[in-house]
Amino acid sequence: MTDLPQSIDATQSMLAGQSYLADRALSTVLFLALKLGRPIFLEGEPGTGKTEIAKALATALGRRLIRLQCYEGLDAASAVYEWNFAAQMLAIRSAEVTGDKTDLQSRLFGPDYLIERPLLDALRPQPGGAPVLLIDEIDRTDEPFEAFLLEALSEYQVTIPELGTVQAATPPIVILTSNRTREVHDALKRRCLYHWVDYPAFDRERDILHARAPEASDTLSREVVAFVQRLRSEDLFKKPGVAETIDWAKCLLALDVIELSPEVIADTLGAILKYQDDIARLQGSEAKKILDEARQSLAPANA
Ligand SMILES: Nc1ncnc2c1ncn2[C@@H]1O[C@H](COP(=O)(O)OP(=O)(O)OP(=O)(O)O)[C@@H](O)[C@H]1O
Ligand SMILES: [Mg+2]
């Protein structure tokens, strides 16, 4: 287990050690969240590193990462705990055969038959210290689940009627993410420190690409980042995130591409755009126009 970082700079370099490049604002929120023991609420465009930050943080701090992936219809049984119904039935059967029914009821609803799901798991003591609990894509759940979560996160405890209350001796480090497909309730946001994760500026995105795809030459990286950055200003149904920039660079490397050309772009667009309408927009002379503009934006730095 590593100690918590003692400054914003230390937070930033701790993450950089995991090839995660956070800007000053994000590093500040993280540092404060760790210092004050508050959950972090990260909202932003897809593919901008929201999920990855929890992984980087857990690895850097030597903590376990526990992930609760949210989806429509997620309920407490999948998020907190469930009774192992099949094992309970077997135990009842064997009790009937042996005739030993002493304490059957309390045995059936004891720890042996409890299946712990991520939220309960995150409240348990861990050898490496309190875990990092990633509650990913909270906007996909519904409001009742949000209300339930609010309660669980305010006291860091959950109650199992048959067993009693489980409270974390040391609260987990909680990171919530949302793609903002709907607004998450204010009450939940209020518990957290909030940060909007935006697309990175050119220099940072180039540094991220360098960290994640070091094989890419400087020239190719700059062109790829400039093109993607320019593409984001187009009116697209789904703009490419950092994840797409990295994927695209890796595809280009696999094809031994040294520099971009309209033909190469047309052949590999599927790595950055995932909707046919968006791809169609870049047919014909459009890709060349964007490439020319992207190269122009690079020109002053080249001079
Ligand atoms: N600041 C960053 N530093 C390093 N890598 C980054 C950064 N931002 C994004 N990435 C890269 O982008 C990839 C995608 O990031 P991630 O999956 O965390 O995005 P996300 O915001 O959770 O997207 P989604 O909303 O689609 O789930 C990561 O695997 C990582 O390689
Ligand atoms: Mg994610």
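A residue is taken as buried if 20 or more other C-beta atoms lie within 10 Å of its own, as exposed if 12 or fewer do, and as partly exposed in between, with C-beta atoms placed from the backbone. Helices (H or I, at least four residues) and strands (E, at least two) are DSSP runs, numbered from the N terminus. The model is predicted: local features need pLDDT of at least 70, side-chain atom pairs count only at pLDDT 80 or more, and totals for chains, interfaces and linings use all residues. Residues are numbered from 1 along each chain as its sequence is written, while chains are lettered from A and ligands numbered from 1 in the order in which they are written.

Strand E2 (residues 65-69) has a covered face formed by Ile-66 and Leu-68, whereas Leu-65, Arg-67 and Gln-69 make up the uncovered one. In a regular strand the side chains alternate between the two faces of the sheet. E2 pairs in the parallel sense with strand E5 (residues 132-136) over 5 bridges, two strands being paired if DSSP finds at least two bridges between them. Within this pairing, Ile-66 stands opposite Leu-133 of E5.

Strand E1 (residues 40-44) is largely enclosed by the rest of the structure, because 4 of its 5 residues are buried. E1 runs parallel to strand E8 (residues 173-178), to which 4 bridges join it, and Leu-42 has Thr-177 as its bridge partner in E8. E1 also runs parallel to strand E9 (residues 193-197), here with 5 bridges; Gly-44 is bridged to Val-197 of E9.

Overall, the protein contains 15 helices and 9 strands. The C-alpha trace spans about 85 × 45 × 35 Å along its principal axes. Of the 303 residues, 32% are buried. Two residues are in contact if their C-beta atoms, placed from the backbone, lie within 7 Å. Among contacts in the protein with a separation of 6 or more, 78% are between residues 24 or more positions apart.

The domain assignment gives domain 1 (8-73 + 118-197) and domain 2 (202-293), with bounds that come from an automatic or database domain assignment. The centres of the two domains, taken over C-alpha atoms, are 31 Å apart. In the interface, 8 residues of domain 1 are in contact with 10 residues of domain 2. The side of domain 1 that touches domain 2 comprises 2 nonpolar, 4 polar and 2 charged residues. In this classification Ala, Val, Leu, Ile, Met, Phe, Trp, Tyr, Cys and Pro count as nonpolar, Asp, Glu, Lys and Arg as charged, and the others, Gly among them, as polar.

Ligand 1 lies between the two domains, because domain 1 and domain 2 both give residues to the shell around it. A residue is near a molecule or strand if its C-beta atom, placed from the backbone, lies within 6 Å of it. The shell has 19 residues, of which Gly-49, Lys-50, Thr-51, Glu-52 and Ala-243 come nearest to the ligand. Helix H3 (50-61), helix H10 (202-212) and helix H12 (242-254) are the elements that give two or more residues to this shell. By class, the shell holds 9 nonpolar, 7 polar and 3 charged residues.

Helix H5 (residues 85-98) is hardly covered, with 0 buried residues among its 14. The expected span of a helix is 1.5 Å times one less than its number of residues. For H5 this gives 20 Å, which agrees with the 20 Å between its end C-alpha atoms. Just after H5, Gly-99 takes a positive phi of about 80°.

Positive phi values also occur in residues other than glycine, including Asp-103, with phi near 55°. Asp-103 is found in the loop between H5 and helix H6 (104-108) and is exposed, with 9 other C-beta atoms within 10 Å. For Asp-256, phi is likewise positive and near 55°. This residue lies in the loop between H12 and helix H13 (262-268), and Asp-256 counts as exposed, with 6 C-beta neighbours inside 10 Å.

Ala-226, in helix H11 (residues 218-231), counts as buried, with 23 C-beta neighbours inside 10 Å. Not counting residues up to four places away in sequence, Ala-226 touches Phe-202, Ala-294, Ser-297 and Leu-298. Leu-188 is 38 residues from Ala-226 along the chain, and their C-alpha atoms are separated by 37 Å.
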